[in-house]
Amino acid sequence: MTTEEVRRAAIREAGFNLFNLHAADVLIDLLTDSGTGAMSRDQWAAVQRGDESYAGSPSWYVFLDAVRELFPFRHVIPTHQGRAAEKIIFTVIGGPGKVVPNNTHFDTTRANIEATGAEAVDLPIPEAMEPANPHPFKGNMDLAALDALLLARGDDVPAVFVTVTNNSGGGQPVLLENLRGVRERCDRHGVPLFLDACRFAENAWFVKQREPGHAERTVVEIVREMASLVDGMTMSAKKDGLANIGGWLAMNDDEWAERARNLLVLTEGFPTYGGLAGRDLEAIAQGLREVVQEDYLRYRIRSTGYLGEGLLAAGIPCMQPIGGHAVYLDARALLPQIEPLQYPGQSLAVALYEAGGVRGCEIGTVMFGRHPDGSERAAPMDLVRLAIPRRTYTQSHIDYVIEVCAAVGGRRERLRGYRIVEEPRALRHFTARFEPL
Ligand code: F0G
């Protein structure tokens with residue numbers, strides 16, 4: 001436990017950036033759902049079976065089988081986490097003059113594309129930008145906008161990406177029908193389609209619950225259909241791999257895969273372990289078997305919904321419908337007195353920490369406001385994400401989070417904006433330092 005006084009000193013010391021805190025000074029850590037979950041008994045047992053042979057380890061084959069069971073791609077390339085897969089694929093297919101569309105790029109995805117000189121374009125449906133709109137598939141890509149882009153610049157598009165669920169857009173799912181629509185357009189223009197599949201199981205669960213015609217199918221069947229509609233994927237096993245580290249890049253194209261493996265060897269490792277120990281490969285393989293279990297997914301999605309419903313009942317505006325892995329507070333709506341360029345999301349995130357030791361993450365103008373040309377603009381939304389680690393917190397922890405948010409909401413008009421006093425050139429939200437206005 002910490003007191004409010006201790007937390008105020010800690011966050012000031014951290015330059016009012018929640019990423020700079022010592023985790024020991026955080027009571028309920030909702031910074032991310034990435035790598036922060038609890039592994040199961042069977043995953044820990046699998047860790048004990050890890051075989052650390054440099055090449056061709058049995059643990060590699062266990063991993064490969066588990067991945068291919070869901071995603072039967074010809075080439076599976078293990079990496080230490082999702083962004084390593086992104087770095088490799090965009091080094092292979094990116095470069096100046098290229099443009100990569102996505103429903104919404106995650107921050108590391110965008111940064112890895114831009115680092116090659118290519119352009120990252122977000123094409124979410126318009127409803128995705130309206131936090132209070134309860135559209136059930138806000139992760140969908142805007143097919144008309146994709147048509148227009150492919151028509152105008154099809155030759156410059158090395159691949160189209162779809163992120164499931166759409167993390168930066170609120171943890172919202174993508175319809176299978178929408179993915180099929182993207183596929184058709186890619187086929188028409190001869191462009192490959194990739195999934196950023198971090199939260200594939202949560203997406204499949206939403207499809208089963210909400211998309212007409214899928215209620216009787218198993219989650220595994222739905223995942224396989226998602227895989228069948230694309231030519232490859234990037235994956236962070238820190239999310240729906242239920243592991244603390246890991247990821248992969250997979251694809252069917254032989255030539256791209258060869259170039260990717262050559263890059264893998266430079267920075268990650270030999271192609272049968274990538275950046276991972278054999279024990280990690282085992283933990284991921286077991287995690288993949290567990291994450292598609294429907295009792296787990298029902299619990300997972302309901303417990304996120306419970307937090308969202310509690311916050312809405314307490315009068316805190318949230319992105320609706322409630323997403324899979326996180327609840328997104330609408331800081332711009334809660335704090336209309338703070339201009340977007342004075343970072344209402346940062347203000348709310350700091351206030352939640354000071355009031356109750358709850359650590360969330362700004363997803364708004366701090367994260368997305370600075371552009372490669374140096375200009376700064378308001379992001380489309382200013383959200384604070386409360387991401388729920390998998391299988392970690394109890395209902396009483398979540399009730400406490402709701403109380404803290406309600407207390408901060410009760411004195412919303414007293415919150416003020418921030419200014420940035422120090423920032424790096426890319427991905428500024430991780431290390432920027434702030435001062436209260
Ligand atoms: N794509 C998406 C949609 C993500 O959410 C993440 C990570 C990545 C790619 C990169 O994966 O972290 O293993 O390198 N998201 C975490 C988050 C960090 O907090 O949302 P990674």
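Q: Two strands pair if DSSP finds at least two bridges between them. Which residue in E7 is the bridge partner of Asp-196?
A: Strands (E, at least two residues) and helices (H or I, at least four) are DSSP runs, numbered from the N terminus. In strand E7, the partner of Asp-196 is Thr-234. This is a predicted model, where local features need pLDDT of at least 70, side-chain atom pairs count only at pLDDT 80 or more, and totals for chains, interfaces and linings use all residues. Residues are numbered from 1 along each chain as its sequence is written, and side-chain values use heavy atoms, leaving out hydrogens and water.

Q: In what sense do E6 and E7 pair?
A: Strands of a sheet pair through backbone hydrogen bonds, either parallel or antiparallel. Here E6 and E7 (residues 232–236) are parallel, over three bridges. E5 and E6 (residues 193–196) are also parallel, over four bridges. Thr-163 stands opposite Asp-196 in E6.

Q: What is the strand order of the open sheet?
A: Its five strands run E2-E8-E7-E6-E5, with mixed pairing. The edges are E2 (75–79) and E5, each pairing on one side only. From one strand to the next, the twist averages 15°. Axes are lines fitted to C-alpha atoms, for helices over the stretch in contact, and angles run from 0 to 180 degrees between N-to-C directions.

Q: Are the faces of E5 covered or open?
A: Both faces of E5 (residues 160–163) are covered. Val-160 and Val-162 on one side are buried, as are Phe-161 and Thr-163 on the other. Buried means under 20% relative accessible area, exposed over 50%, partly exposed in between (1.4 Å probe, protein chains only).

Q: What handedness has the unit of E5, helix H7 and E6?
A: View the strands pointing away from you: a right-handed crossover runs clockwise from the first strand over the helix to the second. E5, H7 (residues 176–189) and E6 form a right-handed β-α-β unit.

Q: Which strands does helix H10 lie across?
A: Contact means heavy atoms within 4.5 Å. H10 (residues 254–267) lies across E2, E6 and E8, at about 20° to E2. Helix H3 (residues 58–70) lies across E2 and E8 (247–251), at about 120° to E2.

Q: Is Arg-425 buried or exposed?
A: Arg-425 counts as exposed because its relative accessible area is 84%. Arg-425 sits in the loop between E13 (418–422) and E14 (433–436). Its C-alpha atom is separated by 8.4 Å from that of Pro-372, 53 residues apart along the chain.
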